[in-house]
Amino acid sequence: MLNGLLFGGVYSLMAVGLTLIFGVMRVVNFAHGDMMVWGMYLAWLLAIRAGIDPYVGFVGCAAVLFVVGLIVQRVLVDRIVDAPHEMQILLMLGVALVLENAALVAFGPDPQRVRSLLRAATFWLGPVFVDVARLVTFVLAMALTLALYLFLQRTDLGRTMRAAADNAYGALVIGTDVRRVYAAAFGIGAACVGAAGALVSPILPFQPTGGLSLSVASFNIVIIGGMGSLPGAFLGGLLVSVAESLGAVFLSPSMKELVSFSLLIVILLFRPAGLFGRTTV
Amino acid sequence: MTPLLEVSGLSRRFGGLQAVRELSLSMARDEVLGLIGPNGAGKTTAFNLLSGFLAPDHGQIRFDGRSIVGLSPHAICHLGLCRTFQIVRPFPRLSVLDNVRVGALSRRPRMEDARHRAREVIEQVGLGGKMDHPAGGLTLAERKRLELARALATEPRLLLLDEVMAGLNPTEIEAIVALVKRINASGVAILLIEHNMRAVMSLSHRIAVLNFGEKIVEGEPTAVANHPRVIEAYLGEEYVHAPSR
Amino acid sequence: MKWLGAAALAVLLALPAVLSSYAVTVFIFIFFYAFLGQAWNIVGGYAGQLSAGHAAFVGVGAYAAALLSAQVGLTPWIGMLVGGVLAAALGTVVGYLGFRFGLRGFYFVLLTVAFAEVCRIVALNTDAVGGALGYYITFTGNPRQFQFQDNRVYYYVALGLMLVATAVVAAIERRRFGAYLIAIREDESACEALGVNTFRYKMLAMVVSSFLTGVGGTFYAFYLFSLQPNAVFGIPLSVEIVIRPIVGGAGTVLGPILGSFILSPLAEASRVYFGQGGWSGVHLIAYGILLIAVVLFLPQGAYPALRRLWARPAAR
């Protein structure tokens, strides 16, 4: 169960990225899971080609995904910020398709894993068996989330982002360069998930077609925690991870997916606003 | 003769805010009742309650003797009560004719009949020249007429107009006032939320004033305009005893 | 326009006489996916309720007809109706939950995806229907069992399905049902104020759409002879269904057909040129790019754009 909690750090990071994008821009990033998959593959490339351990390389992955997010936002999303929701959904679906299948073409369909120096290291913490890799993943994920939190609270750009999230029109009126804020938000959201991917790459096998289930997992968490709420995404990530690891004890992997989707349906029907979220989409 | 609309004890709160408090009204078949009050007084909430978009916490609404509390908006429209929106909501990608046809279809299920009725109504409101124009390309004044036409096409007995003059210049307002008078003359009762005092005074047989969700005054237009509580609500206490011009 | 349509139809009817078997197969897929896209068009294009889980209905129809044929000996000609009804039942459930609980836009999309995935996982884990290995239908070539020796018969069946779906959509568009759906897509609340029972019409659209899609599932089963849960319930199939109307023109009668004529050859060409294995995803990259391009530049799809181009010289 502790391992479940540790993994929750990654879930939180994923969810925080998604909810940031939604909170600031009211756009749902359907390509979220696929961006994470790219984070994983980039970490793999760094490890294979440059011998960089993912626990160091995640910075690079985050940086690359940040740029990707920026580009996607500036070139594509920016044009449809005011468009009907269906158009936004379709656009992001298109991006997801491109990302997922580009990965498929580039890396092949077989699952991969990254070797990290920490892979085999474990130790006993009292009665509990701790996997060092997971622990480091957790610590780094927490650190990144904290950094993001500080960024939003303390820096000008961060505060502007929160203002735009609260009231885009008002932010415009006072002269905020909303487009810059949007681009930054998308970039940071992508960077979060890129880092998350890199941090997970030594722990779990990954393949290009895994994007969808990662996206769904992110949606699950974000909807539980509340769309647009960062603390909600953070706590939701930990919660869902613990619940999943408990579930894994009793259920087969296939059933786990079933529970995940069924849970999503129930949440959609009964609490679309989530624990902390706003009531309007 | 039973009043067309009878509202008693209507109340609705949102969290800590009592938006509408024990509202009671009644309207006769052919009258125009003006509903005025400062911003946030609960007027649009009252409209939402009457037209079925919101459910009241308690209270009764009778339309032509029949309770309509708990009915959905479309059912209430079928009974003859139709509302327009404060911020107009045309179907932007459809033509003016197709927009109004949607309203007409509620009474005339056959497409040709509905189309015919829609044309009539469009002419009535003066949009005849823009029949095939996409609604998204109309000016604000034209959109207001469109909103009116759509509602009229449902052949209502009571029309709820929510700030239909808002955003219009004086000439446009005069034209809409004339149009509303014509509509009323043809036998449609009208409940009108409006901030433009001249329009309200000109159109209304009676006026009801809301403040903080409560009806504070009701009566003939001139009496209401000079009522101290109304002046207090709009301008503040100091003005109650100011000399009139 | 009418004579153009009639001429096109005549050409399509005559084509199998001159086409190779491979070309006939390509056309079968064009017609079949146009049919599925047309069925989706009712609820996704006209009513504007984006469903990304329509594969669920294909799967239900497919498995139902296949099982009934194999276990009970029920001819798929009737089995397809049963499959359609079962798919419509699922559609009713999804629609009811979605619309009663006020799920719109992104939330509704997620709901449909979740249902399709649940179906997929259930099918994967149910050994009675073949589980992960899939369900296979023995080929007998018996027309009573909806199987034909000659590829060309399938061609005409698929063409027929496409025409039926198109006729249904055209009929809907002409009537109040269609006018209401289009208005609901524009602004639901305004519709309610005008006396439209939006819940009822959305449900109706969903039921008709899922029924037709379920019927299509039967064709799928008895043309491909193997049902794999990942293929028949999966997201890739839902994408194939959705993309044709979107690219061709959602909410128009000819949109899904045009979209299929554009996309099926594209998919086939990329499959041929880039081969199997890791490169099999290339056509999906093209799909993604097309989807993005359509959203940015031609949000109403190819058909309305073409119609405007056609009309312009005539207007001057």
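**Three chains and their contacts**

Trainee: How many salt bridges are there between chain C and chain A?

Mentor: The count is 0, where a salt bridge takes a side-chain nitrogen of Lys or Arg within 4 Å of a carboxyl oxygen of Asp or Glu. This is a predicted model, in which local features need pLDDT of at least 70 and side-chain atom pairs pLDDT 80 or more, while totals for chains, interfaces and linings use all residues; side-chain values use heavy atoms, without hydrogens and water. Residues are numbered from 1 along each chain as its sequence is written, with chains lettered from A and ligands numbered from 1 in the order in which they are written.

Trainee: OK, how many residues of chain C are in contact with chain A?

Mentor: 37 residues of chain C are in contact with 36 of chain A (contact means heavy atoms within 4.5 Å). Together the two chains bury about 3,500 Å², 86% of it on carbon and sulfur atoms; buried area is the accessible area, with a 1.4 Å probe, that two parts lose on being put together, summed over both.

Trainee: Which helices of chain C supply residues to that side?

Mentor: H5 (105–125), H11 (235–248) and H13 (282–297) of chain C each give at least two (helices are DSSP runs of H or I, at least four residues, and strands are runs of E, at least two, numbered from the N terminus). H5(C) has the largest share, with 14 residues.

Trainee: And chain B, how many residues does the contact with chain C take?

Mentor: Chain B brings 24 residues and chain C brings 21. About 1,900 Å² is buried between them, 63% of it from carbon and sulfur atoms. C:Arg176, C:Glu186 and C:Leu194 supply 34% of what chain C buries there, more than any other three residues.

Trainee: How many salt bridges between chain C and chain B?

Mentor: There are 2. In one salt bridge, B:Arg93 meets C:Glu186 at 2.8 Å, N to O.

Trainee: New topic: in what order do the strands of the open sheet in chain B run?

Mentor: The order is E2-E1-E4-E5, with antiparallel pairing (two strands pair if DSSP finds at least two bridges between them). E2 (17–27) and E5 (66–67) of chain B are at the edges with a single partner strand each, so one side of each has no neighbour in the sheet.

Trainee: Over how many bridges do E1 and E2 of chain B pair?

Mentor: E1(B), residues 5–14, pairs with E2(B) over 7 bridges. B:Glu6 stands opposite B:Ser26 in E2(B).
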